[in-house]
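Let's walk through this structure together with a few quick questions. Have a look first, then read on.

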Amino acid sequence: GGLQMALKRYPAVLSLDVQRSINQTAAFLQSELGLRPAQTAAMLSKAPQILNLSPERTMRARVAFLRDEVGLGPAALASSVVRAPQLLYLAVKTLRRVVDFFTLPPVPPPPAAA
């Protein structure tokens, strides 16, 4: 199940402080993103390295970027993070470059040869 997947992907999960890492992260995801406990567990099984992040310092900055600068509403933000948990651990600078790339105007085609 979820624990086996998490251990395969991130064996260091066994050395994490349950109170600080797991409970605080789950509480953050549920309060800030509105995730249900089952969604939180599934996401943490998929990307257990998130447990090593600080909810207040690291994840809050990514959530703020996605909400305030990208313009994701609560439902879209929660859905995006559940589908792509790496959104919570990529640097904001990296996220900004990706968003900028996809929001640039299209490059015009080269002129046709005469």
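Predicted model: local features only at pLDDT ≥ 70, side-chain atom pairs only at ≥ 80, totals over all residues.

Q: How many helices and how many strands does the secondary structure of the chain come to?
A: Counting up the secondary structure gives six helices and zero strands.

Q: What share of the contacts with a separation of 6 or more is between residues 24 or more positions apart?
A: Here a contact means heavy atoms within 4.5 Å. Take the contacts in the chain with a separation of 6 or more; the part from residues 24 or more positions apart is 71%.

Q: Is Phe101 buried or exposed?
A: Phe101 sits in helix 6, residues 92-103. Together with Val98 and Phe102, Phe101 makes a nonpolar surface patch of about 370 Å². To count as exposed, a residue needs over 50% relative accessible area. Phe101 has 58%, so Phe101 is exposed.

Q: Where on helix 5 do its buried residues lie?
A: Helix 5 covers residues 74-83, and its buried residues are Leu77, Ala78, Ser80 and Val81. Looking down the helix axis, these fall within an arc of 165 degrees, so they line one face of the helix.

Q: Which exposed residues does helix 5 carry on the face turned away from its buried side?
A: The buried side has Leu77, Ala78, Ser80 and Val81. Turn to the face pointing away from that side, and the exposed residues there are Ala75 and Arg83.

Methods: Residues numbered from 1 in each chain as written. Heavy atoms only, no water. Helix = DSSP H or I, 4+ residues; strand = E, 2+ residues; numbered from the N terminus. Patch = residues over 30% accessible without salt bridge, like charges linked within 9 Å, V, L, I, M, F, W, Y side chains within 5 Å. Areas by Shrake-Rupley, 256 points an atom, 1.4 Å probe, with all protein chains shown as cover. Salt bridge = Lys/Arg side-chain N within 4 Å of Asp/Glu carboxyl O. Buried < 20%, exposed > 50% of the residue type's maximum accessible area, 1.4 Å probe, protein only. Arc of directions from axis to C-beta.
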